[in-house]
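Here is a briefing on one structure. Have the viewer open and follow the topics in turn.

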Protein chains: 2
Amino acid sequence: MLNSYSKEDKVLLAVDCIIFGFDKEELKILLIKRDFEPEKGKWSLMGGFLQRAETLDDAANRILQTLTGINNIYMEQLYGFSKVDRDPVERTISVAYFALINIEDHNEGLIEKYSARWFNVKEAPELIFDHNAMVSHAIRRLQYRTSNKPIGFELLPEKFTMRQLQKLYEAILNERLDKRNFINKINNLDILIKLNEKDMSSSRKGSFLYEFDKEKYDKKVEDGFTFKI
Amino acid sequence: MLNSYSKEDKVLLAVDCIIFGFDKEELKILLIKRDFEPEKGKWSLMGGFLQRAETLDDAANRILQTLTGINNIYMEQLYGFSKVDRDPVERTISVAYFALINIEDHNEGLIEKYSARWFNVKEAPELIFDHNAMVSHAIRRLQYRTSNKPIGFELLPEKFTMRQLQKLYEAILNERLDKRNFINKINNLDILIKLNEKDMSSSRKGSFLYEFDKEKYDKKVEDGFTFKI
DNA sequence: CCAAAAGTGTTTAATTTACACCCATGC
DNA sequence: GCATGGGTGTAAATTAAACACTTTTGG
């Protein structure tokens, strides 16, 4: 019985994370300023190397927790980037992940420690290596995914207004939506709980707060319901 | 300046290919019978290890050509599988690719050399490692992709009948489609060339042959057209 | 002449889009 | 009392779904 494929080449495997947040108006990504070579001082995605005892998901979780302090972040594997010279130091394949966090939850201290900063996705700087391509890929996936899974809520506080939700979808899809049609669509989905509570910060009248009803959603999915915006 | 990330773990990186074909009635996948350990004699996807000077796409192309004799096969990267013990011999991460070929083009000799066989996707055997999960993933991706990109044609001969095309979509989507609605939809897309030629093998009346008009399709896409079935 | 698959349109239902006014409140 | 964002419904247009008969021709 074999116990190694000894003649085969081994490579470094990195995981890079596109971390999305939403600050009530704009879709943002969290970038770090590299304090090590190569490309020291340039903006970059947060990443790290896969360790021997980890799955890719484990590595992504570890990297996300290191930077944000949050565990159990929503994330998905995106794509493997493998151009031979993509990392000038050494042959490295990188598997990109995208993650969604409630921007209010992040740990300020860690953000500072890693010289991290939130950038509007439309105003993000040039990134090292092939990280810009990873971000484009992540945005496309996010647009697709938010249209058929209720993951937008990962980017919002637990309680949110209809208008916030609409603005989120507008930011992600990069298009304006009709207020009435949007609300009708969301209400038809019947997966939100309308609270007896208003957010008074945005207007004199105040606007009702909602919560995502995950249990109800899961039950509906079992019964064949498919989310679609 | 660094020239290695020397302390980091390196891993074996494999590429496994889910190769789809269509034999006029059924969606098929091409599997090989492993003639080496571990799991010798079991059915498996065709795969191989990433070599130092290759991208993942290069590796997938090489593996596909090795088994089928065909170059420039349509393929897409699917997903990275990384369970720590997924390969009992040695830690190996595998990036799965799916590929579409015209089943008539494959090289018989190579099929024999690798003890390969086409299986109806619905009747495929148990596969080694996590290959069954890869196949499920590939089927979902194929269903999604054929609905919004005209890649179904990769599975057909250059000239095909409407009925063949419909059967292909039925096999991929795993549902029956209405003949008239299907033809109307396809004709509305306006991306096929109707030939003055009939396939007489399926009926006495014969049925017209069509070709995919790639140039016309590309031009339409430039003008904002989006394929949708 | 008949069996077998090819070919062809219309009606109905469902979904999506467009669109404008009143409401509640703090200042 | 007025400025500001919140909240609400309907009609029109588009898209999707259901549905059945005639054509062709080799045997």
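In which loop of chain B is Pro38(B) found? Pro38(B) sits in the loop between β2 (27–33) and β3 (43–44) of chain B. Keep in mind that this is a predicted model. The points below go from the backbone to the chain pair, then to the domains and the DNA strands.

**Backbone details**

- The peptide bond that joins Glu37(B) and Pro38(B) is cis, with omega about -5°.
- In chain A, a cis peptide bond joins Glu37(A) and Pro38(A), and omega is about -5° there.
- Pro38(A) belongs to the loop between β2 (27–33) and β3 (43–44) of chain A.
- Ser115(A) is not a glycine, yet its phi is positive, at about 50°.
- The loop that holds Ser115(A) runs between α2 (108–113) and β7 (116–120) of chain A.

**How the two chains relate**

- Two copies of a chain are related by a rotation about an axis and a shift along it.

**Contact between chains A and B**

- Chain B brings 31 residues to the contact, and chain A brings 31 residues.
- On the side of chain B that touches chain A, β1 (10–22), β5 (74–81) and β6 (92–100) of chain B each give two or more residues.
- β1(B) provides the largest share of that side, four residues.
- By class, the side of chain B that touches chain A has 16 nonpolar, seven polar and eight charged residues.
- Strand β1 (residues 10–22) of chain A pairs with β1(B) in the antiparallel sense, over three bridges.
- Which residue of β1(B) is the bridge partner of Leu12(A)? The partner is Lys10(B).

**Domains of chain A**

- The domain assignment gives domain 1 (12–148) and domain 2 (156–222) in chain A.
- Taken over C-alpha atoms, the centres of domain 1 and domain 2 of chain A are 27 Å apart.
- Across the boundary, 10 residues of domain 1 of chain A are in contact with nine residues of domain 2 of chain A.
- Helix α3 (residues 131–148) of chain A gives the largest share of the domain 1 side, three residues.
- That side of domain 1 of chain A divides into three nonpolar, three polar and four charged residues.
- An unreviewed UniProt entry places the feature "domain: Nudix hydrolase" at residues 10–143 of chain A.
- In the model, residues 10–143 of chain A are 24% helix and 36% strand, and the end C-alpha atoms of the span lie 35 Å apart.

**A three-strand sheet in chain A**

- An open sheet of three strands in chain A has the order β8-β10-β9, with antiparallel pairing.
- β8 (160–161) and β9 (192–199) of chain A are at the edges, each with a single partner strand, so one side of each has no neighbour in the sheet.
- β9(A) and strand β10 (residues 207–212) of chain A run antiparallel and are joined by five bridges.
- Lys194(A) stands opposite Tyr210(A) in β10(A).

**Surface near DNA strand C**

- Around DNA strand C there are 20 residues, and those that come nearest are Arg204(A), Arg180(B), Ser203(B), Ser207(B) and Phe208(B).
- α5 (179–189) of chain A, with α4 (162–173), α5 (179–189) and β10 (207–212) of chain B, each supply at least two residues of this surface.
- The largest share, five residues, comes from α5(B).
- The surface near DNA strand C has three nonpolar, seven polar and 10 charged residues.

**Surface near DNA strand D**

- DNA strand D is surrounded by 20 residues, of which Arg180(A), Ser203(A), Ser207(A), Arg204(B) and Lys205(B) are the closest.
- At least two residues each come from α4 (162–173), α5 and β10 of chain A and from α5 of chain B.
- α5(A) supplies the largest share of the surface near DNA strand D, five residues.
- The residues near DNA strand D divide into three nonpolar, seven polar and 10 charged.

Methods:
Residues numbered from 1 in each chain as written. Chains lettered and ligands numbered in written order. Predicted model: local features only at pLDDT ≥ 70, side-chain atom pairs only at ≥ 80, totals over all residues. Near = placed C-beta within 6 Å. Nonpolar A, V, L, I, M, F, W, Y, C, P; charged D, E, K, R; others polar. UniProt positions renumbered as here; feature names shortened; annotations may be inferred. Contact = placed C-beta atoms within 7 Å. Pairing = 2+ DSSP bridges. Domains from an automatic or database assignment.
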